[in-house]
Amino acid sequence: MFCHLCQFAGLNQHHHYIITTSLMEKEATFSSTGLIHVPFGHVVACEKWRGSQLAQGMQGKIKLVFEEDLTLVDFHLSNRFCILYITEADLVAGNGYKKRIVRLRNANNLQGIVIVEKTQMSEQYFTAVQKFVVLELGMALLPVSSQMEASQLIIQLVHEQTKERNRNPFLRKKSCQLSESSVLQTVQQIPGVGKVTALLLLQEFASIQKLCNASIQELEQVVGHTLAEKMHTFFTQTR
C-alpha cells in the first residue's frame with residue numbers, strides 16, 4: 001500500500017516499530033523557547049486528529065499523545081522534526097493551506113515534510129501544491145491516497161528516529177536531495193523539460209531555489225538559449 005513512499009523515503013517495509021508502554025507515562029511539554037519536548041519514540045499530534053482514521057491507524061503501533069496547543073503543524077515526531085498534513089478538503093477549499101506551509105518553512109527551529117492527500121477528488125489541485133511546496137519553497141512533499149496510508153508512513157518515519165540521524169533524509173538540512181523522485185517529477189513539469197534535462201538541471205544547481213532564481217544566462221549553459229528563455233518565463237509566472 002505504501003511501497004512507493006517507502007522507496008522515496010529510503011525506508012524498509014519490513015521494519016515495524018511497536019511500543020507497548022502505557023500512554024500515561026509521559027506527556028509532551030513546551031519549553032520557554034517554544035520548542036515542544038517529544039518523548040523518545042512518541043508522536044505528538046494536534047488534538048483535531050483525535051478519533052480520525054489517521055490516528056486510529058497508528059494506535060497500538062506507536063505511542064500517540066494529543067496536544068491542544070499544537071497549532072503550527074499536525075504531528076511532531078521529535079523536538080524539531082514535524083509533519084504538516086494537507087487533506088483533500090484543504091485542497092478543494094482553496095489556497096488557505098499555503099499560509100501554514102510558509103509558516104513551517106520560515107520556522108528556523110523546525111524541519112518538516114508536507115504530506116498531501118492525492119485522491120480522485122483532489123488530483124486536479126495536486127500539481128499546483130506540488131509546484132508550490134517543492135519548486136517554490138524547496139520542501140519535501142509526500143503524496144498519500146488515504147489517511148490509513150499516511151499512518152503507515154508516519155509509523156515508518158518514527159522507526160527511523162531510532163536510527164542514526166543521517167539515515168533519515170528528512171532530518172537533514174533543508175536542501176534539495178537530488179535523488180528525491182518528487183523533486184525530479186516536479187522539475188519535469190517545466191515546459192520542455194524531460195527526465196534527462198531535469199537531472200542535468202538538478203546536478204548543476206545546488207538547490208531548487210537556485211534553479212528557480214537562475215538567470216537566462218545561467219540556464220542556457222545547461223539547456224540552451226531557447227529553453228532557458230521558456231524556463232525563465234515559467235519561473236517568473238509562478239512566483
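In the predicted model, six strands form an open sheet with mixed pairing, in the order S4-S3-S5-S6-S7-S8. Strands S4 (63-67) and S8 (140-144) stand at the edges; each has a single partner strand, so one side of each is left without a neighbour in the sheet. Strand S7 (residues 111-117) and S8 run parallel and are joined by five bridges. In this pair of strands, Val144 of S8 lies opposite Glu117.

Two helices are placed against the sheet. Helix H4 (residues 97-105) packs on the sheet through contacts with strand S6 (81-86) and S7, and the direction of H4 makes about 170 degrees with that of S6. Helix H6 (residues 147-160) lies across S3 (42-46), S5 (75-76), S6, S7 and S8, and runs at about 160 degrees to S7.

The largest nonpolar core comprises 71 residues, of which Phe75, Ile101, Ile115, Ile154 and Met231 touch the most other members. In soluble globular proteins, nonpolar side chains tend to be buried together. When neighbours within four places in sequence are set aside, the contacts of Ile115 are with Ile83, Leu84, Tyr85, Ile86, Leu142, Val144, Ala150, Leu153 and Ile154. Val144, one of these contacts, is also the residue that Glu117 faces in S8.

The average pLDDT of the protein chain is 75, and 74% of the residues score at least 70. Residues 1-34 have a pLDDT below 50, and this stretch has 78 contacts in the model beyond near neighbours in sequence. The pLDDT is also below 50 over residues 164-179, a stretch with 37 contacts beyond near neighbours in sequence.

Notes
Residues are numbered from 1 along each chain as its sequence is written. This is a predicted model: local features need pLDDT of at least 70, side-chain atom pairs count only at pLDDT 80 or more; totals for chains, interfaces and linings use all residues. Side-chain values use heavy atoms; hydrogens and water are left out. Two strands pair if DSSP finds at least two bridges between them. Helices (H or I, at least four residues) and strands (E, at least two) are DSSP runs, numbered from the N terminus. Contact means heavy atoms within 4.5 Å. Axes are lines fitted to C-alpha atoms, for helices over the stretch in contact, and angles run from 0 to 180 degrees between N-to-C directions. pLDDT is the predictor's confidence in each residue, from 0 to 100. A nonpolar core is a set of buried Ala, Val, Leu, Ile, Met, Phe, Trp, Tyr and Cys residues joined through side-chain atoms within 4.5 Å. Buried means under 20% relative accessible area, exposed over 50%, partly exposed in between (1.4 Å probe, protein chains only).
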